[in-house]
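Work through the exercises below with the sequence and the 3D structure at hand. Each task is followed by a solution in steps.

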Amino acid sequence: MQSDSFTSLSLEPRFLANLATLGYHHMTQVQAETLPSVLAGRDLIAQAKTGSGKTAAFGIGILNKLNPAWFAVQGLVLCPTRELADQVAGELRRLARGVGNVKILTLTGGVSMRPQIASLEHGAHIVVGTPGRIRDHLGRATLDLSKVQTLVLDEADRMTDMGFYDEIAGIVSATPVHRQTLLFSATYPDDIRFATAGFLRDPLEVKVEGKH
Ligand code: ADP
Ligand code: MG
């Protein structure tokens with residue numbers, strides 16, 4: 001029988017202790033169905049509705065692979081809006097307490113470039129941002145994505161609806177070919193399937209119908 005406890009995953013004791021502190025004892029359904037593959041390094045397309053715990057499903061994947069002693073952008077999460085990027089960064093920061101000193105930077109539009117550039121000069125392990133602003137930084141060579149190990153397209157349906165496809169394609173091409181790519185979405189219609197197919201390598205597809 002499949003266990004839904006986080007302890008069934010091979011995670012560091014310190015990381016598990018932090019999850020317990022956060023009140024995360026049992027995996028949600030999307031976490032239980034994706035985390036074993038995410039932790040094994042597989043590409044993935046996960047479809048599950050809002051509130052089902054998708055952030056931790058990819059967040060635990062990014063953090064488990066992250067080397068805090070290596071000051072390079074190792075994880076990149078693309079989100080459709082500034083608000084969602086802030087929410088994801090907040091959740092990643094809570095999860096990262098079980099890892100150590102992990103610098104997580106949000107790069108979104110609606111704020112000036114200068115402080116973002118200054119923060120990037122100090123380095124970051126994980127960047128969470130919106131496609132337009134990430135693209136701006138790439139154009140100015142203020143962001144280096146050549147060390148990215150895990151790329152996440154969060155709320156992929158909304159990002160493609162908002163016309164971010166070209167930006168996303170440009171960003172993906174700035175990351176290494178040998179990366180892990182995780183796509184999370186509430187819906188996964190054919191146009192998004194076709195638009196994103198080239199970003200993923202032999203992805204596992206998971207669709208969770210229920211609430212949790
Ligand atoms: P989604 O991205 O699917 O909309 P979120 O990742 O934002 O969902 O998670 C929704 C809420 O559930 C958040 O408040 C998060 O902290 C909480 N949560 C996620 N996973 C768990 C878990 N395993 N146990 C308890 N709460 C969880
Ligand atoms: Mg989400």
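This is a predicted model: local features need pLDDT of at least 70, side-chain atom pairs count only at pLDDT 80 or more; totals for chains, interfaces and linings use all residues.

Residues are numbered from 1 along each chain as its sequence is written, and chains are lettered from A and ligands numbered from 1 in the order in which they are written.

**Exercise 1.** Describe how helix 2 and helix 3 pack.

Step 1. Find the elements: helix 2 covers residues 29-39 and helix 3 covers residues 54-65. Helices are DSSP runs (H or I, at least four residues), numbered from the N terminus.

Step 2. Take the geometry: the axes are 9 Å apart, at an angle of about 20 degrees. Axes are lines fitted to C-alpha atoms, for helices over the stretch in contact, and angles run from 0 to 180 degrees between N-to-C directions.

Step 3. Classify the angle: helix 2 and helix 3 are therefore roughly parallel. Angles under 35 degrees count as roughly parallel, over 145 as roughly antiparallel, 65 to 115 as roughly perpendicular and the rest as oblique.

Step 4. List the contacts: V30, Q31, T34, L35, V38 and L39 of helix 2 meet K54, A56, A57, F58, I60, G61 and N64 of helix 3. Contact requires C-beta atoms, placed from the backbone, within 7 Å.

Step 5. Sort these residues: eight are nonpolar, four polar and one charged. Ala, Val, Leu, Ile, Met, Phe, Trp, Tyr, Cys and Pro count as nonpolar, Asp, Glu, Lys and Arg as charged, and the others, Gly among them, as polar.

**Exercise 2.** Are helix 3 and helix 4 parallel or oblique to each other?

Step 1. The axes of helix 3 and helix 4 (residues 82-96) come within 10 Å and cross at roughly 50 degrees.

Step 2. The two helices are therefore oblique to each other.

Step 3. On helix 3, T55, A56, G59, I60 and L63 take part, meeting V88, E91, L92, L95 and A96 on helix 4. By class, that contact holds seven nonpolar, two polar and one charged residue.

**Exercise 3.** Which residues are closest to ligand 1?

Step 1. Ligand 1 is surrounded by 14 residues, and the closest are Y24, T50, G53, K54 and T55. A residue counts as near if its C-beta atom, placed from the backbone, lies within 6 Å.

Step 2. Helix 3 gives the largest share of this shell, three residues.

Step 3. The shell divides into four nonpolar, eight polar and two charged residues.

Notes
Two residues are in contact if their C-beta atoms, placed from the backbone, lie within 7 Å.
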